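Open the model in your viewer and keep the selection panel handy. We will go from the whole chain to single side chains, one stop at a time.

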Amino acid sequence: MLAQTLTLFVALPLSSFRVSGLVLADVCRLAFAGVCIRVFTRNRWVRALLVAGLIGIVGIPALARHADGYHALVHQHEWLTWTVALFNATVTVLVARYVFGPGRVGADRVLGAILIYLNLAALFANAYDLMVLLQPGAISGLSALSAVDMPDKRAAELAYFSLSTITSTGWGDLTPLHPLARGLANFEAVIGQLFPATLVARLIGLHLAQGGRRARARKPSDSPPP
C-alpha cells in the first residue's frame, strides 16, 4: 500500500517533468510488484525469476549509456506501466477475495481495502490512457504533446484525473469529451461513492457477526451440569 501511495501521489507527478520521477515511479512499481510476488507466489524459484525479470525491465534501459537514453527510458517506462496495470488488476482481485472473505476483521483487511481503492484509481487511469491513445481528444485539457510524445506526462495527468474523479473532486481542468470517456468517468465516480460505503458496511457486518459469536461462546450454558 505504501508503494502504491508513493507511486500515485509522488512519483507520477514528478515523472511529468523530471527524469528522477520516472526512475522513482519504476522503482515504486517494482517494489509493489515484488511485495505482491512475495505474498501471492509460493514457489520461490518462480518468485525469484519474476523479480529478476522486473529488475531487468527497469534496470537495463535505465543503465544504458547512449545518446537516446532519455527516450529509451520513457518508452521503457510506458511499457512497464502496461505490464504493472495487468499485475494490479490481478492483485486487486486477489486482495478483494481476502478482504471480503470470511475470517476475523483486523487492520490487515482495512489496509487491503485502501489498497483496492488506490488500485482502482490506477486501473481507471490506465483505461483513460488507452482511450486517449485510441481516440486523441477524448479528454480535453491534456498537455499538447502528452498524447503521443510524452507518455510519462500523460500518465501523470490521467492519474490526477482518475483520482479527482473517483473522489468526486472534479477540479474541471481535465474534461471527458468522448461519449465513452464520459461513461467511464461516470462509472468511476459511482464506484468512488459506493465502494467505501459498501466496504465499510461489509467490514462492520463481519465485525459484528464475529463479536456476536465470541459473546455467545463466552456465555455460560443455561443447562444444569450433569
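This is a predicted model: local features need pLDDT of at least 70, side-chain atom pairs count only at pLDDT 80 or more; totals for chains, interfaces and linings use all residues.

Residues are numbered from 1 along each chain as its sequence is written, and side-chain values use heavy atoms, with hydrogens and water left out.

**Cartoon view.** Colour by secondary structure: there are 7 helices and 2 strands in the chain. Helices (H or I, at least four residues) and strands (E, at least two) are DSSP runs, numbered from the N terminus. Read from the N terminus, the order is α-α-α-α-α-β-α-β-α. Of the 226 residues, 40% are buried; buried means under 20% relative accessible area, exposed over 50%, and partly exposed in between (1.4 Å probe, protein chains only). Contact means heavy atoms within 4.5 Å. Among contacts with a separation of 6 or more, 67% join residues 24 or more positions apart.

**The largest nonpolar core.** A nonpolar core is a set of buried Ala, Val, Leu, Ile, Met, Phe, Trp, Tyr and Cys residues joined through side-chain atoms within 4.5 Å. The largest one has 38 residues, and Val-99, Tyr-128 and Ile-139 touch the most other members. Elements giving two or more residues to this core include helix 1 (2-15), helix 2 (19-40), helix 4 (69-99) and helix 7 (179-218). Helix 5 gives the most, with 12 residues. In soluble globular proteins, nonpolar side chains tend to be buried together.

**Tyr-128 and Thr-165.** Which residues does Tyr-128 contact, leaving aside neighbours within four places in sequence? Select Ile-139, Leu-158, Phe-161, Ser-162, Thr-165, Ala-181, Leu-184, Ala-185 and Glu-188. Now centre on Thr-165, which is in helix 6 and counts as buried at 11% relative accessibility. Not counting residues up to four places away in sequence, Thr-165 touches Tyr-128, Ala-185, Glu-188 and Ala-189. Next, pick Phe-187 in helix 7, a partly exposed residue with a relative accessible area of 48%. From Phe-187 to Thr-165 the C-alpha to C-alpha distance is 9.5 Å, across 22 residues of sequence.

**Salt bridges.** A salt bridge is a side-chain nitrogen of Lys or Arg within 4 Å of a carboxyl oxygen of Asp or Glu. How many salt bridges does this rule give? The count is 2.

Then move to Glu-157 and Lys-153, where the closest N and O atoms of the salt bridge are 4.0 Å apart. About one helical turn separates Glu-157 and Lys-153, because they are 4 residues apart in helix 6. Glu-157 is buried, at 13%, whereas Lys-153 is partly exposed, at 22%.

**Last stop.** Select Ser-168 in the loop between helix 6 and strand 2 (175-176). Most residues other than glycine have a negative phi. Ser-168 is not a glycine, yet its phi is positive, about 60°. With 40% relative accessibility, Ser-168 counts as partly exposed.
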